Amino acid sequence: MRHPDQVGPGDAAAFAAARAELLSRPGPPGPGRRGALVALTDDWLDGLFRSAGGAGRAAALVAVGGYGRGELSPGSDLDLLLLHDGDVGDLADRIWYPVWDSRVRLDHAVRTPAEARRLAARDLKVMLGLLDARTVAGDDALTRDLVSSIRADWRGLAAGRMAELRAATEERRERQGEVGHLLEPDLKDSYGGLRDVTVLRAIAAAWLTDIPHTDLAPATSFLMDCRDALHLSSGKPGDRLLMQEQAGVAAALGQDDEDTLMRAVSSRGRQIAHASDITWSRVARMTRRSSRRPFRRLRGRPERAPLADGVVVQEGEAVLAVDARPERDAGLLLRTAAAAAQAGLQVAPHTVQRLAETAAPLPVPWPAAARDSLVSLLGAGRATLPVWETFDQAGVFSDLLPGWDVVRSAPQRNPVHRFTVDRHLVEAAIQAARYQREVTRPDLLLVGALLHDIGKGRPGLDHTDVGVELVARIGPHLGFDEADTATLVTLVRHHLLLPEAATRRDPDDPATVDLVVAAVGDRETLDLLYALARADAQATGPAAWSDWRAALMADLVERVRGVLGGRAAVPGAALRLSGEQEAAAAAGRTDVFVADSAPGAMVEVTVLAPDRVGLLATVAGVLAANRLNVRGARAAGRGDMAVSRWTVDPGFAGRPEPERLREDLRRALDGSLDLRSRLAKRDRSHRDPAEALALEPRVVTVPDASHTATVIEVRTYDRPGALFRLALVIAEAGVDIAGARADTLGSNVVDVFYLRDRRGHPLSEETVSGISVRLAEAARGESFPG
């Protein structure tokens, strides 16, 4: 019931009418209209306060939160605090009732300054709201004293409250997604939205660090305009920009169409998110510094640990080494990104800026090392995303990848999708990283996932047809050869084949299987397409992926595999030797040959030695002991001699010296060099990227791959000495390696061994079982064999 002495409803009705007239005026929303709405509301509340008897009392009507900042949208709550220094009687009711009568939503409280400070110390939301408090009516000194105390309290408590604020931000990010990447973002609560601008202001008020101001004010103003237009066009106070509301908001803001609007929303959201990421990185660094003991802070330059060539870890971030020269090292940018993602680290903002501004352009076609870095970056799983977004916000990938500028921030008009085109492509690569062990070419899988929808963002054109044309050019641009480019084109052309055939056609009809067989051609391509189809569906959203769809696709793939039989020859038989190498083989001489190569490029090493059990393990161990990272290997017999050819990345070690390799190989073969101990010591200091993406190794026997040998394939993470570990297991089982193939693709290694027993026959099932178990243990890095 209304108190008889309260302000009558006529005042509320008059305010509501004036408010409605203001909001209905022609023209787009903007700061001017928001300012006018704040002024209108302030004047009315000031009159309410006075007529309710507030004038002359030790009390103030205080605006907090968005209203305190002067940021009223049509659907905003009025966040009001009645601050007093004694008994206020029924003053609050005399103010609140007319506000409720006006149909404006109200969030209200009545407190003394001491009560407000105590609650703010316990409740982070209250603290942040009071940082923006201002007087609407009454005793301004009371408000100013409170705000001064609150700001002092916040500066004193902020270092300890940052973890709580960060956790709340990350929880909201996980729950609401990101403005820059969603097709239907929440303009306020999605990460990169208006609430994050408030968080940035709070961090700045704590005096912990500066916040980036570049483009932040225009981005904030644009999102506020969108929010205003959304409230007016929908007639509701919600902040989620649904697809059905986007055309109306676009029209209200004078945008060409809803796609133009959503590209702008995505761009502004990414600017705010990028500023937030940089700020949180600075906060983390400051927090780490403040937690150190004083004597450690006096040591000068922070400790740096090597991460990759030209890249080190400093204070939990990837930064450039002191002697790094990005203007001379074209591969440094991607190498930095890959190393950071694989280690689960962020790249320091100043490092990103330096690389974006000064890095030498990559030659076209890309060198193998640069392509390998891209694959490693994509293969890091969830850790890929923050690194990718940081560099993408600096404009790096629009320069590196043809066609990326078109899909960047591009919306999709398909309700099945949840992300913008570029974010969907990155998410597809993240999901594809889970399937790296299931394909023979994880590099093609990851790049194919990144490019499978590259043809989108061009209205009126079929995205698959456009994508096929683009990838036919992008493949050679990235340095893929003709055959690999053809496979990438096949992945793009048929990336929807399996889900559509599995869900829309009869799998019992032979024509369905024939259709897929004709498209894929072989089992390797089928495996790639199957992994891509799953990654694509999982990146799309729940509507595109379910247990039912997964079962249908798995059944179809199994049927196609049954048709795509075939046998593979033992690899390595075609290894060609130079004249000098032929002479060494004919003489039965152990020798090592290192081919000439450009500085920083991969190096080819050829090893000849009399064949013996364990030789492959020994050579792999010698290379690992010399800090040569194996990127590929082929091995085969040549009479009584064994020939192996290795592609190695010298990294920090520089080009290997043949004389040293020959001497180390000789000592390892005669037992005077203990490779096991040397590599075990190095292994203990190795930094594993387990936090980036933990995948179990995969050890499988490949049926029907050879008439004369048992073929075992191992897919695992490429740790130092990985091939040495695996080959050592085989040697200690007394099994002969008739042929071998090792490929390192990004952060993955795929090793295939053709094995025979001492009589030259394929292995028994019992032997295969035992070796497989020990190979899996070695691949996990649990311990050195033996």
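Me: Leaving aside its neighbours within four places in sequence, which residues is Ser373 in contact with?

Reply: This is a predicted model, in which local features need pLDDT of at least 70 and side-chain atom pairs count only at pLDDT 80 or more, while totals for chains, interfaces and linings use all residues. Residues are numbered from 1 along each chain as its sequence is written, and side-chain values use heavy atoms, with hydrogens and water left out. Contact means heavy atoms within 4.5 Å. With neighbours within four places in sequence left aside, the contacts of Ser373 are Leu334, Arg335 and Ala338.

Me: Does Ser373 count as buried or exposed?

Reply: Ser373 belongs to helix 15 (residues 368-378); helices (H or I, at least four residues) and strands (E, at least two) are DSSP runs numbered from the N terminus. Buried means under 20% relative accessible area, exposed over 50%, and partly exposed in between (1.4 Å probe, protein chains only). Ser373 has 10% relative accessibility and therefore counts as buried.

Me: How many residues of helix 13 are buried?

Reply: Ala338, which is 35 residues from Ser373 in sequence but 5.5 Å away C-alpha to C-alpha, is one of the buried residues of helix 13. Leu334, Arg335 and Gln342 are also among them. Helix 13 (residues 332-342) is mostly covered, the number buried out of its eleven residues being eleven.

Me: Which residues touch the most other members of the largest nonpolar core?

Reply: A nonpolar core is a set of buried Ala, Val, Leu, Ile, Met, Phe, Trp, Tyr and Cys residues joined through side-chain atoms within 4.5 Å. The largest such core has 94 residues, and those touching the most other members are Trp388, Phe391, Phe397, Trp404 and Leu498.

Me: How are helix 22 and helix 25 oriented to each other?

Reply: Axes are lines fitted to C-alpha atoms, for helices over the stretch in contact, and angles run from 0 to 180 degrees between N-to-C directions. Helix 22 (residues 482-493) packs on helix 25 (residues 523-540) at about 45 degrees, with the axes 10 Å apart. Angles under 35 degrees count as roughly parallel, over 145 as roughly antiparallel, 65 to 115 as roughly perpendicular and the rest as oblique. The two helices are therefore oblique.

Me: What percentage of the residues in the protein chain is buried?

Reply: The secondary structure of the chain comes to 32 helices and 16 strands. Its C-alpha atoms fill a box of roughly 110 × 70 × 45 Å along the principal axes. Of the 786 residues in the chain, the buried share is 54%.
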